[in-house]
Amino acid sequence: MFPFNFEWIWDMSHVVFMGGLWFALTILGLGMTYCVIKAVIDTAKGKGAHHEEH
């Protein structure tokens with residue numbers, strides 16, 4: 001069901017479905033990347049290391 005596959009059909013249902021799929025995967029990937037980068041930066045700065053200090 002990918003464009004490089006021989007069974008791919010260029011009709012509107014395939015284009016809309018795959019477009020929505022890749023849009024959702026991109027949003028999830030960017031969100032996860034942001035969370036990982038923020039966690040690494042916060043860990044490097046030492047934030048959240050001491051739970052008893054508020």
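Helices (H or I, at least four residues) and strands (E, at least two) are DSSP runs, numbered from the N terminus. This is a predicted model, where local features need pLDDT of at least 70, side-chain atom pairs count only at pLDDT 80 or more, and totals for chains, interfaces and linings use all residues. Residues are numbered from 1 along each chain as its sequence is written, and side-chain values use heavy atoms, leaving out hydrogens and water.

Next, show the surface. The accessible surface of the protein chain is about 5,100 Å² (Shrake-Rupley method, 1.4 Å probe). Carbon and sulfur atoms account for 74% of that surface. Of the 54 residues, 6% count as buried (under 20% relative accessible area; exposed is over 50%, partly exposed in between).

Select Phe-17, Leu-21, Trp-22, Leu-25 and Leu-28. Together they form a nonpolar surface patch with about 510 Å² of accessible area. Patch residues have over 30% relative accessible area and no salt bridge, and nonpolar side chains are joined within 5 Å.

Zoom in on Leu-28. Leu-28 sits in helix α1, residues 12-45. Leu-28 is exposed, at 56% relative accessible area.

Now select Lys-38 and Asp-42. They form a salt bridge (a side-chain nitrogen of Lys or Arg within 4 Å of a carboxyl oxygen of Asp or Glu). Their closest N and O atoms are 3.6 Å apart. Both residues lie in helix α1, four residues apart, so about one helical turn separates them. Lys-38 is partly exposed, at 38% relative accessible area. Asp-42 is also partly exposed, at 21%. A search of the whole structure finds one salt bridge.

How values were computed
Buried means under 20% relative accessible area, exposed over 50%, partly exposed in between (1.4 Å probe, protein chains only). Patches are made of residues with over 30% relative accessible area and no salt bridge: like charges are joined within 9 Å, nonpolar side chains (Val, Leu, Ile, Met, Phe, Trp, Tyr) within 5 Å.
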